[in-house]
Amino acid sequence: MKLVFLGPPGAGKGTQASQMAEQFDVMHASTGDIFRAAVAEGSDLGQTVRSYLDNGKLVPDELTSRVVREMVLERTEDYILDGFPRTLPQAQMLDEMLKERGEELDGVLFFQLGEAAAVERLTGRLVCKGCGANYHKVFMPPRKDMICDECGAELTVRSDSSEEIVRKRLEEYNEKTQPLVPYYEKRGLLRRVDASPAPETVNRETKALISEMSAG
Ligand code: AMP
């Protein structure tokens, strides 16, 4: 199973991707998580991508595609790509990389959410310093204030969650990522999910769609 999760920042696709990957036993491949881990480690990749992440800008296409090839496509057959592709050139590079391998995408799930709701969700994001788990001050608070439910480490506010950076990320999305919706729709690969309800509702709908897609 090879799926792409697409949607504006804040749509909750990361949360859904992580839950679906567990339920369907496939790799959850998030370029955002890979980049954040690299920054935390201080690796060469981390030093290169840090300023892009901190300023809400997209990492250059060539570099992002190379990371996806090496860390995902060459490692496993089954995955959910969360946050990749994010530009038309990345989508074309993904097509090329899959073609070389004689593979195809099974589908693209598009998580739809209006801009006001996206801003509200994005400005309250928390992330665990230890294991990288995501939380939200209002919508998905940890059981204990600023402590990770999973590993007990301290939570911190995500460095790209100030209102100014959030606006920049949404601009980047509208300009560069939104064109992927017609790109995949024309090929009959796109399925829409309403991302505005509570995560459990979105989870049920997403699960049903994936089951339907893998059955058909
Ligand atoms: P995310 O966690 O998916 O919201 O990604 C966080 C940040 O990582 C983005 O704001 C970008 O700076 C960078 N990033 C993640 N995925 C990509 C991608 N496919 N192309 C370029 N930059 C990306």
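Throughout these legends, a residue is called buried when its relative accessible area is under 20%, exposed when over 50%, and partly exposed in between, with a 1.4 Å probe and protein chains only. The model is predicted, so to speak of a local feature takes pLDDT of at least 70, and side-chain atom pairs count only at pLDDT 80 or more, while totals for chains, interfaces and linings use all residues. Numbering starts from 1 along each chain as its sequence is written, and side-chain values use heavy atoms, with hydrogens and water left out.

View 1. Met146 counts as partly exposed because its relative accessibility is 27%. Its phi is near 60°, a positive value in a residue other than glycine. Met146 sits in the loop between strand 6 (134-136) and strand 7 (155-157); helices (H or I, at least four residues) and strands (E, at least two) are DSSP runs numbered from the N terminus. Asp25 also isn't a glycine and has a positive phi, near 55°. Look for Asp25 in the loop between helix 1 (13-23) and strand 2. With 67% relative accessibility, Asp25 counts as exposed.

**View 2. Strand 3 and its parallel partners.** Strand 3 covers residues 79-82, and both of its faces are covered. Tyr79 and Leu81 point to one side, Ile80 and Asp82 to the other, and all of them are buried. Strands pair here if DSSP finds at least two bridges between them. Strand 1 (residues 2-6) runs parallel to strand 3, joined to it by four bridges. Within that pairing, Phe5 has Asp82 as its bridge partner. Strand 2 (residues 27-30) pairs with strand 3 in the parallel sense too, again over four bridges. Here Met27 stands opposite Tyr79.

**View 3. A cis peptide bond at Pro85.** Going from Phe84 to Pro85, the peptide bond is cis, with omega near -5°. Pro85 belongs to the loop between strand 3 and helix 5 (88-100).

**View 4. The shell around the ligand.** Sixteen residues surround the ligand, and the closest are Thr31, Lys57, Gly83, Gln90 and Arg169; to be near a molecule or strand, a residue needs one heavy atom within 4 Å of it. Helix 2 (31-41) and helix 3 (44-54) each supply at least two residues of this shell. Helix 2 gives the largest share, four residues. By residue class, the shell divides into six nonpolar, five polar and five charged.

View 5. The side chain of Thr31 has an N or O atom 2.7 Å from a nitrogen atom of the ligand. For Arg86, a polar side-chain atom lies 2.9 Å from a ligand nitrogen. Arg36 places a polar side-chain atom 3.0 Å from an oxygen atom of the ligand. Taken alone, the ligand exposes 480 Å², and the protein buries 96% of that; these areas come from the Shrake-Rupley method with a 1.4 Å probe, and for residues only the protein chains shown count as cover.

**View 6. The aromatic pairs.** Rings of Phe, Tyr and Trp (its six-membered ring) pair if their centres lie within 6.5 Å; planes under 30 degrees apart count as stacked, over 60 as edge-to-face and the rest as tilted. That rule gives two aromatic pairs. Phe5 and Phe111 make a tilted one, 5.0 Å centre to centre with 55° between the planes. This pair links distant parts of the chain, with Phe5 in strand 1 and Phe111 in strand 4 (residues 107-112), 106 residues apart. Phe5 is buried because its relative accessibility is 1%, and Phe111 is buried at 0%. Tyr183 and Tyr184 form an edge-to-face pair, at 5.1 Å centre to centre and 80° between the planes. Both Tyr183 and Tyr184 are buried.

**View 7. Ser30 in strand 2.** Ser30 counts as buried, since its relative accessibility is 6%. Its side chain reaches the backbone nitrogen of Asp33 at 2.9 Å. Ser30 and Ser214 are 184 residues apart in sequence and 21 Å apart in space, C-alpha to C-alpha.

Note on methods:
A polar contact is a pair of N or O atoms within 3.5 Å; within protein, one must be able to donate a hydrogen and the other to accept it, and residues adjacent in sequence count only if both atoms are side-chain atoms. Ala, Val, Leu, Ile, Met, Phe, Trp, Tyr, Cys and Pro count as nonpolar, Asp, Glu, Lys and Arg as charged, and the others, Gly among them, as polar.
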